[in-house]
Structure formats: C-alpha cells, structure tokens
Amino acid sequence: MQLTDIPFGVTTWADVPATEHPGERGAATWRTRQFGAGPGGPVRVRMVEYSAGYLADHWCEKGHILLVLAGQLDTELADGRTFTLRPGESYQVADQAEAHRSSTAVGATLFIVD
C-alpha cells in the first residue's frame, strides 16, 4: 500500500453517513471514507458495526487490516481455521490470499483499512 495525495485531516466518525449491509443473518453498518489515489486505487477506511448474531453473506477475498474496538469478532477462513478477536486485537490479510468471512454472537465494532 502506498499512501499518496492524502492531506492531514480529522474524521469525526459520527458525522460520516452510515450505510447498512445485510448479512446472511443480522446487518453491518458502515461509515466509509476514501482517501488518495495510490497505485492500487484509493484507500478505503471504515468504521463498521456488526449487529449481535451477524453472519456475513459471502466469503471475502479483499485484503484488509482490521482492528476490533468493541465486542467480539469470529473470523472463519475458507480452509476451516477460525479466529476469535476481542477489543485491541487485529488481523491483516492480503488481497486474494485467504478467503474469510465474519460473524459475531454479541456484536462488534471494527476499524478497517483496505
């Protein structure tokens, strides 16, 4: 990732419009900003809230850096491995590297860069 053409700025996430994305169960609420125009395109930065009982409706192959801010996140990889992340824990995965999907029994708030 190369961060270019991004002037210093402050984001008040409560002021960023929210969009809802239904899962197989539950829903994800995204607040999204995009910055710069690096070689791979703009950098997307999101504050995401998963409702309790959320299960993604797809396997994701996009790379992310994800930090759990609140709640608990369960991440399943297509190869069957599973990981449980709690506040202060993060994961990183490259584009097209390992398909993954998220779920949470109790809800989760995440900060994601991709």
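Biologist: What makes β4 and β9 paired strands in this predicted model?

Modeller: Strand β4, residues 54-55, is joined to β9 by 2 bridges, and the two run antiparallel. Pairing needs at least two bridges, so β4 and β9 count as paired.

Biologist: How do you know that β6 and β9 pair?

Modeller: There are 4 bridges between β9 and strand β6, residues 73-77. The cut-off is at least two, so they pair, in the antiparallel sense.

Biologist: Which residues stand opposite Ser103 in β9?

Modeller: Leu55 is one of them. Asp74 also stands opposite Ser103. Ser103 itself belongs to β9, which spans residues 100-104.

Biologist: Why is Ser103 called buried?

Modeller: Its relative accessibility is 18%. Buried means under 20%, so Ser103 counts as buried.

Biologist: What is Ser103 in contact with, leaving aside neighbours within four places in sequence?

Modeller: Tyr54, Leu55, Gln72, Leu73 and Asp74.

Biologist: Why is β9 described as largely enclosed by the rest of the structure?

Modeller: Because 4 of its 5 residues are buried.

Biologist: Which residues of the largest nonpolar core touch the most other members?

Modeller: The core has 14 residues, and those are Val48, Tyr50, Leu66, Val68, Leu73, Tyr91 and Leu110. Strands β3, β5, β8 and β10 each supply at least two residues of this core. The largest share, 3 residues, comes from β10.

Biologist: What lies apart from this core?

Modeller: Another core, of 6 residues, including Val43, Val45, Met47 and Val113.

Technical notes. Residues numbered from 1 in each chain as written. Predicted model: local features only at pLDDT ≥ 70, side-chain atom pairs only at ≥ 80, totals over all residues. Heavy atoms only, no water. Buried < 20%, exposed > 50% of the residue type's maximum accessible area, 1.4 Å probe, protein only. Contact = heavy atoms within 4.5 Å. Core = buried A, V, L, I, M, F, W, Y, C linked by side-chain atoms within 4.5 Å.
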